[in-house]
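Welcome! Let's walk through this model together, one step at a time.

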Amino acid sequence: MSRGAGLPSVIVVLVLGLFVALPLYNMVITAFKADREIYDDFSYFPRQPSLVQFQRVIVNERLFVNIRNSFVVAATSTAATIAMSALAAFAVVRLRFRGSAWVARLILFKYLLPTSLLYIPLFIVVNNLGLANTLQSLIFTYLSFSIPFATWLLMGYFRGIPADLEEQAMIDGCSRVGAMVRVLLPIAAPGVVAAAIFTFTASWNEFLLALVFINRVDLQTVPVKLAGMIVGDQYVWGMIMAGALLSSVPVVVLYFLAQRFVVSGLAAGAVRA
Amino acid sequence: MVLGWTLLTPVLVVMAALVVWPFATAIWIAFTDKAIGYQGAWVGLANFAEVISSPRFLRSLRNSLTFTVASVLVKLVLGMAMALVLHQTFRGRNLVRAFFLIPWVLPAFVGYMIWRWLYDPLQGLLNYALLDLGVTRYPLEFLSNPSTAMPSVIVAHVWRSFPFYGLAFLAGLQNIPAEQYEAAAVDGANAWHRFRYITLPGLRHVILVVVMLSTIWTFNAFEPVYLLTGGGPADATMVYTLLAYEMGIVNMRLGQAAAVPVLILPVLGMFIVALSGLMNRGDE
């Protein structure tokens, strides 16, 4: 269907575009307004653009402390996840043995299990281990969703890569694991990048466990910190929108930098048709 | 064989500790009166009896179903519209595609905070715009009016996740051979016939997988309601996930809190079995 877009298509693009744009536009203009223009003297466009909301959320609310927390949690659990998941996905896909299909089923099972069920036992474990109010509690428990997800994605990706090259490397004297590290991983790099980005993003965005496990403001991750500001004092929306913008930057930049990998990784793994 | 199990060990240990054991424990807790710092004693089916007979649980179940069914249907329609227009070639298509993906790429909590602010009855842009356009003469209380709260939550959720449908359907459309459309054009099929007899059957599998995955995720979603309404007003948007959170963390009654999702599990289980069947068939 490569004929130019007709009138109905133009209308669909415009309507969907307006729907997508309006909330985003509202976030951006609010973040760049001073309180007077937000609350007393509304305007559809910031008449006197101001960085005061960013200054307040960074200086008064110390948002970068929370951004750092989110970063530590997401980066650490992503690194651990990718290392473990790559080995497991390799084992399931390349070393076909009894039990590997069973592993795949277990992964799918977790993938679909509600956090609202698991948060209770995980909360008890975290308390018993004395990890309440620590970032370690999040790094540890985030593996519960990131490992199944990353393993699933990588399994899909590895499956799409022919095994000949690894077999060739093994004939040339590589060990099985050596062939994986030297031959398979470099070819599968886009899939690994995609899995890492998804894992990082999912950890960055996680809300329920971070809400339950941590109640010290200086240890909260960004989502919980910003959500806590809603119920705080009255004139917070400028700061919240500035904070929302700041906390979106890392994941949006990651996504668009690696869009090519993400789309191919997603196509190979999650929604393989 | 030995190597296989060795490579799998780290993942299996983590899954056992963080998924299998907690899952079993959660079910056990649902049969006890456990609280934080208190071991908990076996109470049989008391939690289930109490939960099932509580109007709040039935309300939350109904709300979860409404939220899920309505969201999935609207996401399906908008996602299909997005995929169909982006499948055509026009100038700036990549830009439009990247733009449409933004709501899905943004962190979910950011999306829901944006909408909460957009809906604000006093200073929200939506009310200013509707008043200025003459659509309404009074500011609308989108989230604090019991009859509009749920639709408002659904709209915000659809905004956030319809691009995922669009992206998946777009990938599916690219797998439909162009010859089929050319042959149909020769036979004089109109746009509706092409959609009905070529596009839809070609996308059947993608649609099934996306709808089922998304149904489960939507049903289990916590953030949209927590961040937009907190379940209010007067439980008009209380969903089962938020109820389980409230019972456990606010009321500190872990046994009852666990009983809520355990009661939901059979429904989810049926979905999951059907889904894994579909996905495995797709693998062959």
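Two residues are in contact if their C-beta atoms, placed from the backbone, lie within 7 Å. By that rule, and leaving aside residues up to four places away in sequence, A:Phe90 touches A:Phe158, A:Met180, A:Leu184 and B:Leu7.

Before going on, a word on the source: this is a predicted model, in which local features need pLDDT of at least 70 and side-chain atom pairs count only at pLDDT 80 or more, while totals for chains, interfaces and linings use all residues. Residues are numbered from 1 along each chain as its sequence is written, and chains are lettered from A and ligands numbered from 1 in the order in which they are written.

Now look at chain A as a whole. It holds 14 helices and zero strands (DSSP runs of H or I with at least four residues, and of E with at least two, numbered from the N terminus). Of its 273 residues, 49% count as buried, meaning that 20 or more other C-beta atoms lie within 10 Å of a residue's own.

What lies between the domains? The largest nonpolar core has 166 residues, and A:Phe90, B:Met113 and B:Val260 have the most contacts inside it. Such a core is a set of buried Ala, Val, Leu, Ile, Met, Phe, Trp, Tyr and Cys residues joined through C-beta atoms within 7 Å. Because both domains of chain A give residues to this core, it lies between them.

Conventions
A residue is buried if 20 or more other C-beta atoms lie within 10 Å of its own, exposed if 12 or fewer, and partly exposed in between; C-beta atoms are placed from the backbone. Domain bounds come from an automatic or database domain assignment.
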